[in-house]
Amino acid sequence: MYDILITGGTVVDGTGAPAYRADVAVRGDRIVAVGTLDGATASTVIDATGKIVTPGFIDMHTHSDLTVRADARGWSKLRQGVTTDVVGNCGMTPYPVAHDPARAQVLRESLFAIAGDVPWGWDSLHGYRETLNSQGIGINLAPLVGHSAIRGAVLGFDDRPATTEEQDEMGRVLARALDEGAFGLSTGLTLPPSAYGDTDEVVNLCRTLGRYRGRLYCSHTRGDTAAGPTGMREAFEIGQRAGVPVHLAHMAVNDPRRWGSAGEVMDELDAVAISGLDVTGDVYPYAASSSGFSQCLPWWAQSGGRLETVARLRDPATRARIREDMEADGLLAGWPWHWDRLLICRVENPEWAHAEGMNFVELAATRGVAPIDAALDLMRDDEGRMQVIFFYRTEEDMQVFLRHPRIMVGSDGSALTVGGPTGVGRPHPRNYGATARVLGRYVRELGVLTLEDAVHRMSGKVATRLGLQDRGWIRTGLAADLAVVDPGTVTDHATFTDPHQYASGVDTVIVNGGVAMTAGEPTGIHRGRVLAA
Ligand SMILES: [Zn+2]
């Protein structure tokens, strides 16, 4: 007698090996049998005839750190068969928290975009894990620890180099998070305060990381410039000097002058891998990215955190300097401004709600000002919280990354739930669709990946990279994180104009042995846990 028996399905086991016919049995929170289980009985029997049975998907790159605190359900992920989100990416984590209340508040402000207003109360990864585990969460989380949080805790959000003493202290703070089970260190080198750290500072931190075998350096890099993928090259240098494995977040070619060069980027990556660096990356299946508009402001203007940024925007002389630098420096790593490629996707100030869904050329036309002024007005009035979508990528480059053997899938999205506190604004459709889109569009419709390969890049390959020992594959003895998916119908529905649309075609999802979704509908149980390395 089993607790759960999935019968009649085709197992795609997460290793990349060919699919095969098998039943899967679960007892407690473990997979206990895989094979022909004729005559077996179970309290819950799930008929998977005509469908595939896969490991629950592991999303390599997310920002669900606090969305599951705000709304534990995380249905945008469950509806895609995702059972584990890697959190703590891009340098941003809600831990460690400084003891100094003002500094702690700056960290909270900085994470508003990925959290909204949710109660905290912890000061460490350990405390975060205890809080979320006792609250209950719909999916598992595999946490990294972020450079911005570490730097913010030790020296605040100021735009200055860290002293030797501060770097040593950052190393100790990092070590504590690694002791508490962080799977690696993330940077967000275009996002202050991580961006204020130079190469040597990150190398020093990664030397501490290197004492923990297999823990990853996950780099949101400084980006590509006119000179090529310079941000990626810095990540390689950091990995080589510190002797740590490097994982490149959300790979892309963003500079329009370099569109079409993804093949050359991957040739460089292959060459470094052949020379001995342990390197991988992730990508999400869209030709647009999304983040706070604050990334578009000069770094000096963001020193001290969000409220200081807003104060600068309110001061006419300082605002004029910000505007001047933005025009002179270009977007992020010096990309040309195309204001019609920047879509406003979330504002908090109700007086500007009408701007959601417009690009800055459209918004500027309604106000009779230049796009850059419309952007700075909105940023000021929205107190620095505005989120935007950047249409600065191409489908062709994205497919080159997606096909490459060192790449896995990471949505860069969060676990959201329609109708709850996280189902707001017009977020990037990746939150609701990335995983389903890989299976629907890139496996079934376009044949870019085989089904087995795609599942591998969203389960076993990710588990291997994280050093997860007990999930990511369908195998006796492993955690019962499973999905039953109809490969003939699985489809993403979220769009840039109508993003709060769940994916379809995922029938059943099991998280740690609990049936979190059945017959295409979530059950409301919360069996997820914050995992530890
Ligand atoms: Zn990032």
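**Ground rules**

Since the model is predicted, local features need pLDDT of at least 70 and side-chain atom pairs count only at pLDDT 80 or more, while totals for chains, interfaces and linings use all residues. Residues are numbered from 1 along each chain as its sequence is written, and side-chain values use heavy atoms, with hydrogens and water left out.

**Entry: the zinc ion**

I looked up the protein donors first (N, O and S atoms within 2.8 Å of the metal, or 3.2 Å for Na, K and Ca; water is not among the atoms, so sites may look incomplete). The zinc ion has Cys90 (SG), His220 (ND1) and His250 (NE2), lying 2.0 to 2.2 Å from it. Along the sequence I read their spacing as C-x129-H-x29-H. Cys90 sits in the loop between strand 9 (82-87) and helix 3 (101-110), and His250 in the loop between strand 14 (246-248) and helix 10 (262-274), so this pair ties together parts that are 160 residues apart in sequence. My helices (H or I, at least four residues) and strands (E, at least two) are DSSP runs, numbered from the N terminus.

Are Cys90 and His250 buried or exposed? For this I call a residue buried under 20% relative accessible area, exposed over 50% and partly exposed in between, with a 1.4 Å probe and protein chains only. Cys90 is buried at 4%, and His250 also counts as buried, at 12%.

6 of the 6 residues of strand 9 are buried, so the rest of the structure largely encloses it. For pairing I need at least two DSSP bridges between two strands. Strand 8 (residues 57-59) runs parallel to strand 9, joined by 3 bridges, and Ile58 has Thr84 as its bridge partner there. Strand 10 (residues 140-143) is also parallel to strand 9, through 4 bridges; Val87 stands opposite Pro143.

Which elements does helix 5 pack against? Its buried residues are Leu125, Gly127, Tyr128, Arg129 and Leu132. They pack (contact here is heavy atoms within 4.5 Å) against helix 1 (67-70), strand 9, strand 10 and helix 7 (164-179).

**Entry: second largest pocket**

My spaces come from a 1 Å grid over the protein atoms alone: a cavity is a set of points where a 1.4 Å probe fits but cannot get out, a pocket is an open set with protein on both sides within 12 Å along at least five of seven lines, and lining residues have an atom within 4 Å of a point. Points are joined across faces, edges and corners, and a volume is the space filled by probe spheres set on them.

The second largest pocket holds about 260 Å³. It has 14 lining residues, and Pro96, Val97, His99, Ala153 and Val173 are the closest to its centre. Helix 6 (147-155) and helix 7 each supply at least two lining residues, with helix 7 giving the largest share, 4 residues. I sorted the lining into 8 nonpolar, 2 polar and 4 charged residues, taking Ala, Val, Leu, Ile, Met, Phe, Trp, Tyr, Cys and Pro as nonpolar, Asp, Glu, Lys and Arg as charged, and the others, Gly among them, as polar.

The largest cavity comes to about 50 Å³. Its lining includes Met251, Tyr284, Arg393, Asp397, Met398 and Phe401, and helix 15 gives the most to it, 3 residues. By class that lining has 9 nonpolar, 1 polar and 2 charged residues.

Helix 15 (residues 395-403) has Glu395, Asp397, Met398, Gln399, Phe401 and Leu402 buried. Among the elements covering them are helix 10, strand 15 (279-283) and helix 16 (430-445).

The second largest cavity, about 30 Å³, is lined by Phe57, Ile58, Asp59, Val409, Thr435 and Met458. Strand 8 supplies the largest share, 3 residues.

**Entry: strand 21**

Strand 21 (residues 506-511) has 6 of its 6 residues buried, so it too is largely enclosed by the rest of the structure. Strand 20 (residues 482-485) joins it antiparallel through 4 bridges, with Val485 partnered by Val506. On to strand 22 (residues 514-518): it pairs with strand 21 in the antiparallel sense over 3 bridges, and Val511 stands opposite Gly514. Their hairpin has 2 residues between the strands, and I noted a positive phi near 45° at Asn512.
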